[in-house]
Structures are given as C-alpha cells and as structure tokens.
Amino acid sequence: MSVRAGAKVVESRRKERIGRLAALAEQLDPHHRQALAASLPALLEMARLAAQPPNRPTTPLPLPSKGITP
C-alpha cells in the first residue's frame, strides 16, 4: 500500500468515526448535548497531551500530606 493510499484509508476511517459520533450525539437530549459541548476544551486538552511524548518524571511525585499513608 502506498503512502497516499494509506492516508486515504486513515482519512476515510476518521470520517466514519466522526459520522458515528455525530449520529450518537444527535440522539442525546439537549441537556446531555450541552454537557458534551462544555467538556470539549478538556477533551481537546487530553488529546493534545496524548499526542505528546510520555512524561516520565525523574523523581517520584509527592504524596498528598492528608489522609494518605504509603
């Protein structure tokens, strides 16, 4: 498969997923559609973070001081 053909497959699958999600969103009641729209900034940020290289801290993250014991 050529790069161009592969890109076409990826794009067609992307469009298919978008179509499925749009069809599902249309079935939601207005309250749920509004909640979904309000969550878009957070979902986009999660997608941006997922596209970044893994974040591997060199030191362990500190535990919260209240209510948690190691």
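Arginine 48 and glutamate 45 both belong to helix 2 and stand three residues apart, about one turn of the helix. In this predicted model, local features need pLDDT of at least 70 and side-chain atom pairs count only at pLDDT 80 or more, whereas totals for chains, interfaces and linings use all residues. Residues are numbered from 1 along each chain as its sequence is written, and side-chain values use heavy atoms, with hydrogens and water left out. Arginine 48 forms a salt bridge with glutamate 45, the closest N and O atoms being 2.6 Å apart; a salt bridge is a side-chain nitrogen of Lys or Arg within 4 Å of a carboxyl oxygen of Asp or Glu. Arginine 48 counts as partly exposed because its relative accessibility is 42%, and glutamate 45 counts as partly exposed at 34% (buried means under 20% relative accessible area, exposed over 50%, and partly exposed in between, with a 1.4 Å probe and protein chains only).

The structure holds three salt bridges. In helix 1, glutamate 11 and arginine 14 lie three residues apart, and their side chains meet in a salt bridge at 3.1 Å, N to O. Arginine 20 and glutamate 16, also both in helix 1, are four residues apart, and their salt bridge has an N to O distance of 2.6 Å.

The secondary structure of the protein chain consists of two helices and zero strands, where helices (H or I, at least four residues) and strands (E, at least two) are DSSP runs numbered from the N terminus. Buried residues make up 1% of the 70 residues in the chain.

The largest pocket has a volume of about 220 Å³. A pocket is an open set of points on a 1 Å grid over the protein atoms alone, where a 1.4 Å probe fits, with protein on both sides within 12 Å along at least five of seven lines; lining residues have an atom within 4 Å of a point. The volume is the space filled by probe spheres set on the points, which are joined across faces, edges and corners. The lining comprises Leu21, Ala25, Leu36, Ala37, Leu40, Leu43, Leu44 and Ala47. Helix 1 (3-27) and helix 2 are the elements that give two or more residues to this lining, and helix 2 supplies the largest share, six residues.

Leucine 36, one of the lining residues, is located in helix 2 (residues 30-50). Leucine 36 counts as partly exposed because its relative accessibility is 38%.
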